[in-house]
Amino acid sequence: MQLFTIFGNPVAHSKSPLMHNLTFQGLNYDGVYTRYRLEDGNELRNKFFDLDIKGANITVPHKEYAFEACDELDVFAQKVGAVNTIVNKEGKLYGYNTDAPGFLKAISEFENIKRVLFLGAGGTAQSTSVILHDAGYEVSILNRSAGRLERYEKEGFETFTFESFTMDEPFDLVVNMTSAGLEDDSLPCPLEILETVIPSAKACVDVIYGKETPFLKFTKESGKPTKDGSDMLLYQGIIAFEYFCDHAFSFEEIKEHMQKAFIL
Ligand code: NDP
């Protein structure tokens, strides 16, 4: 039996063990997926080999450590500097980023989207902004603090702080990429900015899943099509599973079983 896990701190809340174990069961794959609270990200590589792990997902705060722990990196993971999926192939660790393609798939279900506004500039915004840009979307980034915006400016993205924000042309999609609303009741930006951007948006997404954040509540009350982060979570999990089983199963076969985790 092959062993899989999620490394993070905290990991108690993670849905990944349920998602992957349901899929192993449904596909009769001889694997089991557990969770591992890792305090020191530097220990990641040793744990992989000590515990004889076949594959893992990596969550906050270890995605940069995961990047460093790999022997080989997928082109996209290399480009964005963050790894959330590792597979052990004959003693070598191969790293991938499935968060960003998961997000891209989740938003591609909305039609006629070109201009996208990200509220937030953290690690998740970093990888997803790159994949959206490569896919032809125009991404602008609004963040509370100016420091995190520097790397986006260098990469050619339009950036704003709360103080410098202006809207010349409407944004089609507005995304909460912050952790605002995850463990508190805060909005990701001042209400006046939401009142400016939401009325002309075609759709809104919150990457937080499993709860109605103040952002999601506001966008729903504005009558906009909305999504929380569940589809992103599901899709990044399916893509990770494809790597875990070396593409022995199709996206749709995996989805059929993994999506059951969202109704349990
Ligand atoms: P980071 O810690 O890297 O970045 C956090 C960002 O949120 C920063 O831009 C920070 O701004 C901003 N922020 C935090 N609190 C507030 C607040 N109260 N008001 C305004 N801005 C705030 O986090 P990640 O990028 O790793 O994660 C972001 C979110 O994405 C999390 O909620 C996480 O749960 C979710 N996520 C969901 C996934 C899914 O599959 N659905 C996958 C991965 C992540 P500043 O720079 O000013 O501090």
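Select Lys 89 and Tyr 94 in this predicted model: Lys 89 lies over the face of Tyr 94, 4.5 Å from the ring centre. Next, display Lys 227 with Phe 110, where the lysine again lies over the ring face, at 5.6 Å from the centre.

Then turn to the aromatic residues; the whole structure holds 15 aromatic pairs. Select Phe 4 and Phe 24, a tilted pair with 5.0 Å between centres and 35 degrees between planes. Phe 4 belongs to strand S1 (residues 2-8) and Phe 24 to helix H1 (residues 16-26), so the pair ties together parts 20 residues apart in sequence. Both residues are buried; Phe 24 is assigned to this class because its relative accessibility is 2%, under the 20% limit.

Now colour by domain: the assignment gives domain 1 (2-97 + 230-262) and domain 2 (111-224). Their centres, taken over C-alpha atoms, are separated by 27 Å. Nine residues from domain 1 and eleven residues from domain 2 make the contact. About 780 Å² is buried between the domains, with carbon and sulfur atoms giving 65%. On the domain 1 side, select Phe 76, Val 80 and Met 232, which lose the most area to domain 2 and together account for 49% of what that side buries.

Finish at Lys 79 and Asp 134, whose closest N and O atoms are 2.8 Å apart in a salt bridge. The count between domain 1 and domain 2 is one salt bridge.

Technical notes
Residues are numbered from 1 along each chain as its sequence is written. This is a predicted model: local features need pLDDT of at least 70, side-chain atom pairs count only at pLDDT 80 or more; totals for chains, interfaces and linings use all residues. Side-chain values use heavy atoms; hydrogens and water are left out. Rings of Phe, Tyr and Trp (its six-membered ring) pair if their centres lie within 6.5 Å; planes under 30 degrees apart count as stacked, over 60 as edge-to-face and the rest as tilted. Helices (H or I, at least four residues) and strands (E, at least two) are DSSP runs, numbered from the N terminus. Buried means under 20% relative accessible area, exposed over 50%, partly exposed in between (1.4 Å probe, protein chains only). A charge sits over a ring if NZ of Lys or CZ of Arg is within 6 Å of the ring centre and within 35 degrees of the ring normal. Domain bounds come from an automatic or database domain assignment. Contact means heavy atoms within 4.5 Å. Buried area is the accessible area (1.4 Å probe) that two parts lose on being put together, summed over both. A salt bridge is a side-chain nitrogen of Lys or Arg within 4 Å of a carboxyl oxygen of Asp or Glu.
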